[in-house]
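Let us walk through this structure step by step. We begin with single residues and end with the place where chains meet.

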2 protein chains.
Amino acid sequence: MGSGSEAALEVGAGEVVRLPAGSRDILPDEARALRAITAALAGVFEEAGYGEVITPTLEYADVLARGDIGEVKPGYRFNDEGGSWLALRSDMTVPLARVAATRFPSASGPLRFWYSQTAYRPIPALQGRSREAIQAGIELFGVAGTEGDREILTLAAAAIDAAGVGDARLVVGDARLSYTVLSAAGLADDALGAAHRKLAAGDFVAVERLLAAAGAAAESVRATGQLLRTRGGADVLEQHAQVLGDPGRELSATLSSLDAAARRRVIVDIGHVRDLDYYSGLVFEVMHEAVGEPIGGGGRYDTLVERFGVQRPAVGFALEIDGVHRAQHAGGGR
Amino acid sequence: MGSGSEAALEVGAGEVVRLPAGSRDILPDEARALRAITAALAGVFEEAGYGEVITPTLEYADVLARGDIGEVKPGYRFNDEGGSWLALRSDMTVPLARVAATRFPSASGPLRFWYSQTAYRPIPALQGRSREAIQAGIELFGVAGTEGDREILTLAAAAIDAAGVGDARLVVGDARLSYTVLSAAGLADDALGAAHRKLAAGDFVAVERLLAAAGAAAESVRATGQLLRTRGGADVLEQHAQVLGDPGRELSATLSSLDAAARRRVIVDIGHVRDLDYYSGLVFEVMHEAVGEPIGGGGRYDTLVERFGVQRPAVGFALEIDGVHRAQHAGGGR
């Protein structure tokens, strides 16, 4: 029945009925495929003891803003009938952190939630990105460090298998690694934020310029730039153990704890940075060679839940259902 | 894990994290029940040859406004990044009519779509209604009259069975019946709209006043008011066949065509009026004695699709998943 991707549609009398750029109708063939992906993921999540949570599309803008989520701020804001500022959620992690803190303030054990909901991203017209993205994912609250990270990476590997994109890879880093590496190379604390943003944009040259401006020797600039570009197996963490410090040791321990099925899907990326600034440890993106952007991602965010009143470690990930579907097709319809 | 219905939630430091009135978090026990209802309905719809369609949450406000949907106007409007007016859909029938017209402009046979999506209703604070409602339903395009109406009522009966609320009832009328009855009683054309709105609000006394003001004899006012309040089996259509005219005959033919399983769920309601003004024939609501408001509804809207450029008869219905869930509980958890 076609993919339904055009935004402008001729109608009878020469009128045009348009959809906003970056949005589209999903017609039956595709909807059936997306529903099958979601059902497969739901099976993995439920089997692992996660329970579904559904949060409102619309929340008070100042509540969502507690997430302080870097470049992906809740952008669709408007006044409701009572004059309050409402916003559409731009991801699911912030609402789920709110749920974990406010609906289960005195939970002593871990909380395991999954969701399948749409996230809304304001986009400049003509940029070609999707304005509405269906995401299915999990959040694990109350399990710190390697134990929680291991559970999430294991389930991410199981999820891509169940969704028929087992050839996807988990590109893994730690949000603190680039700080550790750049500090060791002599970058002052007040320049680390700028360097982090350049890394998030993939601009290694700018990072090297910042290092040089800070007085690092040419050889150190070169070696640091190369280290931040380094991808490989878990062994790259051992090779550079000294400069990677505690974050490197923790990531190494997490990867060692994975079973073979999960571990062979992991690629270590020393300079890996995500554009959401609530990550505090493990970070990863789900990449598929046939899709030009991540089809999912996740990480640890140990300081987000306390913004809603309760201190609780947290880690999670989500897949973009549309991205998984595109990867399925590219991979021969598996 | 509780029902999660409170809008204000205490957090640690005495702060309060609020949700907008009329919205709530749905926690795992309830989410599991809602997902099971949706899966049961999806099974009925797919089995009957309907294909799922997913439309954007956000559309251009002027596109949704072509639905001209009476009191339930798309109310959440705001400017996007390009200055265009966007709105959140307030029902699914208007977007699906748009899809049927613009994505399948030259379809010669029937189109059968189902959906399970959230509709957004601006509500005055403290009114206690739900701001976000998950609806699952079907729309049948290209099948006029009794044949299409029969399919929809049959599937509505099958849907309530599959959803575990087989004791719900389809309260059935025709959007033209009240006009026919009031015209016969002497109400002039220019007063029919006002009478229709009073009926939609259940204000029979106001309708009788309008009739009296139009010069109807007291006996006629009384008999007409009584007729509009009449509910019963299909036989009430035969009893009043003369005054009910063509709409009465058509509804009677539709009900006669139903099999016994569907027919025993039908209650005829002569004065039945829905608050959406796009209905042009059959109208019905799904009522359950344990829930104070309809848990679903539908009808025929033969003039809506042409507002998007293609003339095509149409009929459909939807269930409110939350209402079905409440009815399940009230009915003993079936």
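Start at Arg176(B), which is partly exposed at a relative accessible area of 29%. The model is a predicted one. The side chain of Arg176(B) forms a salt bridge with Glu250(B), 3.0 Å from N to O. Arg176(B) sits in the loop between β9 and α5 of chain B, while Glu250(B) belongs to helix α10, so the pair ties together parts 74 residues apart in sequence. Glu250(B) is partly exposed too, at 39% relative accessibility.

Now look at another pair in chain B. Glu151(B) and Arg112(B) meet in a salt bridge, 2.7 Å from N to O. Helix α4 holds Glu151(B) and strand β7 holds Arg112(B), so this pair ties together parts 39 residues apart in sequence.

Turn to chain A. Here Arg326(A) and Asp322(A) form a salt bridge of 3.6 Å, N to O. Both lie in helix α12, four residues apart, about one turn of the helix. They also belong to a network of salt bridges with Arg24(A), Glu30(A) and Glu293(A). Over all chains, the structure holds 40 salt bridges.

Finally, see where the chains meet. In the interface, 60 residues of chain B contact 61 residues of chain A. Together the two chains bury about 5000 Å², with 58% of it on carbon and sulfur atoms. Six salt bridges cross this interface. One of them joins Glu52(A) to Arg35(B), with the closest N and O atoms 2.7 Å apart. Several elements of chain B supply residues to the side that touches chain A, including α1 and β7. The largest share, five residues, comes from α1(B). By class, this side has 32 nonpolar, ten polar and 18 charged residues.

How values were computed. Residues numbered from 1 in each chain as written. Chains lettered and ligands numbered in written order. Predicted model: local features only at pLDDT ≥ 70, side-chain atom pairs only at ≥ 80, totals over all residues. Heavy atoms only, no water. Contact = heavy atoms within 4.5 Å. Buried area = accessible area lost by both parts, 1.4 Å probe. Salt bridge = Lys/Arg side-chain N within 4 Å of Asp/Glu carboxyl O. Helix = DSSP H or I, 4+ residues; strand = E, 2+ residues; numbered from the N terminus. Nonpolar A, V, L, I, M, F, W, Y, C, P; charged D, E, K, R; others polar. Buried < 20%, exposed > 50% of the residue type's maximum accessible area, 1.4 Å probe, protein only.
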